[in-house]
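Try each task before you read its solution.

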Amino acid sequence: IAADAGIGPYRAGELFAADGSAVDRRIFVDEHLYRLEQERIFARCWLYLGHESELPVRGAFFTTTMGEDPVIVLRDKAEGRLRAFLNSCSHRGAKVCRVDSGVTGAFRCPYHSWTFSTEGQLVGVPRQDAVYGSTLDRSRHGLREVPKVESFSGMIFASWDPAAPSLREYLGDMAFYLELMLTRMDGGTEQIGGVHKWTIDVNWKIPSENFAGDHYHVPSTHGAGVEMGYRSQLTNHGYCIQTGNGHSIGSERGGAQQGTAVPTEYDAFMARMRAEFAARYGQDAEAFVPIGVGTLFPNFSFLDSARFRSFRVWHPRGVDKIEVHSWCIVDKSMPAELKAAVRQRYSLAFGPGGIFEQDDGDIWQSVQDALRGHIGRQGRFNYQMGLGREAPTSERYGTPFPGSCSDILMTEANQRAFYRHYAKLMQD
Ligand code: FES
Ligand code: FE
């Protein structure tokens, strides 16, 4: 990005150091930039909506948001197709669906009772003849449909941009790693225990960049958890991979050992998985099970640890607030008692009241708090760690794996990649 490229009222050079080593504090508090993000990032990028296992039958739906735009995601009655619609009535804007999820034949708006099919068509208008005569053309008043909805290994994504590249293209090399995480067992994955939702008073980019691979915070922010023996002490041995388009992954090789009170069958299960993996990709690749943490630009993150897998979306709710949606993901063919153990470990560590989740949320809110004043929003955050130490992942680890990778775990290369992509999308 040229330093003099415009980003709303700013020049790129004001907001970002040319080498990516510093980011202006205003990008986390500026209302104007926040509105621009809604337009240039959330109305353009592929965004994660939910898991296919949440829509098991025709007529099944759930509600969520794309950026701040509320959407209904469903499997339509006619063909069983995955679709998404703006959750706002074509009459005068009320949300036509007010619940989190369910199965339905149609959506009746609570304001004046216009009714819409699962294909988005306006199919019912109370007293139509008496109040509209022949003047209302129903065919022009369907729900606004999200033009692009696709799924990848059970993950449903959508984009408001009719000209967006295919999902596969958008994922790029990240698709390879998502597949490593999601296709370990035959039969695919599913979410269990429903979607956990809570709010944190923080700008959405702070958790996105944290999950991109901020290992530096672990011994400090999560120090108590380490001291209690809840997870192993972090070493600097691991990888941070950038796969392009602002997506990235970071991991301690072989995964953090989180918690001890799990059935030993689970360790046996992971060991078996690693062995199968090594047979497929070579001995060095074994340490890529589990994958680690990662962020798919802009606001989808995952956590693939030695004990559980979680997906989360950091939905923006104003410049200084997010609504977190979090899923516990398991392999469908896992034995039931292992699924239960996984769910328990997820809840204890990263559920809404999870030890590590609480550690992170508390610190993130303090970051946002310190940005509220006139002085606090001046100056820049530092992202210089590990600058210039990246090389192709395949060279670094002797794997066939794509992307670019550092020789150390503690680096801010992933965050730099995140903001580089951010600046590219935000420029005028
Ligand atoms: Fe939906 Fe009037 S706003 S029927
Ligand atoms: Fe953390």
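**Exercise 1. Find out what share of the contacts in the protein chain with a separation of 6 or more comes from residues 24 or more positions apart, and then describe the chain as a whole.**

Step 1. Start with contacts, where two residues count if their C-beta atoms, placed from the backbone, lie within 7 Å. Of the contacts with a separation of 6 or more, 64% are between residues 24 or more positions apart.

Step 2. Keep in mind that this is a predicted model: local features need pLDDT of at least 70, and side-chain atom pairs count only at pLDDT 80 or more, while totals for chains, interfaces and linings use all residues. Residues are numbered from 1 along each chain as its sequence is written, and chains are lettered from A and ligands numbered from 1 in the order in which they are written.

Step 3. Count the elements: the protein chain has 13 helices and 23 strands. Both are DSSP runs numbered from the N terminus, helices being H or I with at least four residues and strands E with at least two.

Step 4. Turn to overall dimensions. The radius of gyration, taken over C-alpha atoms, is compared with a globule rule of 2.2 Å times the number of residues to the power 0.38. The value for the protein chain is 22 Å, close to the 22 Å that the rule gives for 428 residues, so the chain is as compact as a globular protein of that length. Along its principal axes, the C-alpha trace spans about 75 × 55 × 35 Å.

Step 5. Finish with burial. A residue is buried if 20 or more other C-beta atoms lie within 10 Å of its own, exposed if 12 or fewer, and partly exposed in between, with C-beta atoms placed from the backbone. Buried residues make up 43% of the 428 residues.

**Exercise 2. Work out how the protein chain is divided into domains and what the side of domain 1 that touches domain 2 consists of.**

Step 1. The bounds, from an automatic or database domain assignment, are 47-150 for domain 1 and 172-426 for domain 2.

Step 2. Taken over C-alpha atoms, the centres of the two domains are 34 Å apart.

Step 3. At the contact, 8 residues of domain 1 meet 8 residues of domain 2. Strand E4 (47-51) and strand E5 (60-66) each supply at least two residues of the domain 1 side.

Step 4. That side divides into 1 nonpolar, 5 polar and 2 charged residues. Here Ala, Val, Leu, Ile, Met, Phe, Trp, Tyr, Cys and Pro count as nonpolar, Asp, Glu, Lys and Arg as charged, and the others, Gly among them, as polar.

**Exercise 3. Trace the strand order in the open sheet of 4 strands and in the open sheet of 3 strands.**

Step 1. Two strands pair if DSSP finds at least two bridges between them. The sheet of 4 strands runs E7-E6-E5-E8, with antiparallel pairing. Its edge strands, E7 (82-86) and E8 (101-103), each pair on one side only.

Step 2. E5 and E6 (residues 69-75) are joined by 6 bridges, and Thr-63 has Ile-72 in E6 as its bridge partner.

Step 3. The sheet of 3 strands has the order E9-E10-E11, again with antiparallel pairing. E9 (106-108) and E11 (122-124) each have a single partner strand, so one side of each is left without a neighbour in the sheet.

Step 4. E9 pairs with E10 (residues 115-117) over 3 bridges, and Phe-107 stands opposite Phe-116 in E10.
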